[in-house]
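Trainee: I would like to go through this structure with you before the group meeting. Could we begin with the terms and then turn to the details?

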Amino acid sequence: MDVFGKRHRVVGGLLSVAPDWYVWFWAYLLTTGSAAAVVYLSHDMWPRAHQAIAYGLILANQISSYVLLLSDPGIYPRRQPPDEPPPSADGTADAEKGEGRSYCRHCRLYRPPRCSHCYVCGVCILEHDHHCVLLGVCVGKRSMRWFVVYLVTTTLQLYAGMFFLILSFRRTPFEEDWKRLPPPDGAHAWTPEAAEAFNNHAAFTILFHLSVMGIIAVLMVPVTVGTVAYVLLPLTNTTWREAKRDGIHLRKPEDFRRHFWISQLFVNIHKMLCAGPSLLSTRGKK
C-alpha cells in the first residue's frame, strides 16, 4: 500500500497534492483576479506605505496558497507489513487502550490520539481538521498554519480591496461630470465623438468597479466567519472535527485552565507554528 494513499506525488514524492487538487485553481483565480483588479483600479491612490502592505499581503497569500496545496498535511505513514486488526469488538487492541490509540481498517495501522482518516486523500492525518472541498487541500497538523495564514491574508485583502474600491469609485466621473473636465488632446472644447468615447469609458469603469465590489462583498461574510473560527480553533488547540463532536467549552473551568490560560495560549500558538517535520520519507517509498 502506498504511503500517499490517493494523493498524487509531485517531484518524485517530495511533495504531494490531494486527488481534487484542481479545485484549488478556482480559488486561486478568484483571489488573485480580485487582487489584480483592485491594484489596477486604485493603485495610483496608494501611498508608498500602503503599497508595501498591499503587495506584502498579496505575496503572503500567494505563498501560503502554494504551500497549502503542495505540503504534507501531517500524513501518518502506513507500516510495512501492516498492523494486524485488533481482536476486541470495539476496534481497539487491549495493549493499545492505555495509549488512546485506535485502529484504522483502511490504512491497517494503529494511529495515535487525534489522528483521523481522510477518505478523500485515503490516508490518516495527524490532528486532522477537515478536507477543504473549496480549495482541494487537506488541513491537518502540518498544514493548519498555512491554512490560517491563507484565510487571514485573504480576509485582509478583501477588506482593504473594498475600501480602496469605494474610494476609487467615488472619484470616477459620471456622465454629468465630463463637461467640467478639460477636453482631451489639448482641444478647446469637447467634440461629440470625444464625449461619447469618454462616456463609454466611464460606463465601463463604473461597471467594472461594481462587478469587482460585488464579488468581494459576496466573499467577505463567509471568509470572515471562517477566519474567525480558524483563529479561535488553533488558540484552543481544537480541530474542527473535535469542535463538531464536543464543542469548544470556553466557560468550563477545566477547559479554561487547559486552553485559555495565558501561558497555554502561547503554547498552542507555538504548537501550530512549529508542527514538526513530516513523518514521510522524502522518497515516498511504498
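Mentor: Let us begin with one term: a residue is called buried under 20% relative accessible area, exposed over 50%, and partly exposed in between. Please keep in mind that this is a predicted model.

Trainee: Then is lysine 271 buried, exposed or partly exposed?

Mentor: Lysine 271 counts as partly exposed, because its relative accessibility is 26%.

Trainee: With which residue does lysine 271 form a salt bridge?

Mentor: Its partner is glutamate 127, and the closest N and O atoms are 2.7 Å apart. The two come from distant parts of the chain: lysine 271 belongs to helix 7, whereas glutamate 127 sits in the loop between strand 7 and strand 8, 144 residues apart. Glutamate 127 is buried, at a relative accessible area of 15%.

Trainee: How many salt bridges does the structure hold?

Mentor: There are 4. One of them pairs aspartate 72 with arginine 142, with 3.9 Å between the closest N and O atoms. Aspartate 72 is in the loop between helix 2 and strand 3, and arginine 142 is in the loop between strand 9 and helix 3, so the pair connects parts that are 70 residues apart in sequence. Aspartate 72 is buried at 10% relative accessible area, and arginine 142 is buried at 16%.

Trainee: Changing topic, what about aspartate 20: where is its place?

Mentor: Aspartate 20 is in the loop between strand 2 and helix 1. It is buried yet has no salt bridge; arginine 7, the nearest side chain of opposite charge, is 7.2 Å away.

Trainee: So what does the side chain of aspartate 20 make a polar contact with?

Mentor: That contact is with the side chain of histidine 131, at 3.0 Å. Leaving aside neighbours within four places in sequence, aspartate 20 is also in contact with Val120, Val133 and Gly136, among others.

Trainee: And the nonpolar core: which residues touch the most other members?

Mentor: In the largest nonpolar core, which has 19 residues, they are Leu135, Val137, Met144, Phe147 and Tyr230. Helix 3 gives the most to this core, with 5 residues. Leucine 135 touches Val23, Trp24, Ala27, Leu68, Phe147 and Tyr150, not counting residues up to four places away in sequence. A second, separate core has 16 residues, including Val39 and Ile216.

Trainee: Lastly, how many helices and strands does the protein chain have?

Mentor: The chain has 7 helices and 9 strands, and buried residues make up 44% of its 286 residues.

Key
Residues are numbered from 1 along each chain as its sequence is written. This is a predicted model: local features need pLDDT of at least 70, side-chain atom pairs count only at pLDDT 80 or more; totals for chains, interfaces and linings use all residues. Side-chain values use heavy atoms; hydrogens and water are left out. Helices (H or I, at least four residues) and strands (E, at least two) are DSSP runs, numbered from the N terminus. Buried means under 20% relative accessible area, exposed over 50%, partly exposed in between (1.4 Å probe, protein chains only). Lys and Arg count as positive and Asp and Glu as negative; His and the chain ends are not counted. A polar contact is a pair of N or O atoms within 3.5 Å; within protein, one must be able to donate a hydrogen and the other to accept it, and residues adjacent in sequence count only if both atoms are side-chain atoms. Contact means heavy atoms within 4.5 Å. A nonpolar core is a set of buried Ala, Val, Leu, Ile, Met, Phe, Trp, Tyr and Cys residues joined through side-chain atoms within 4.5 Å.
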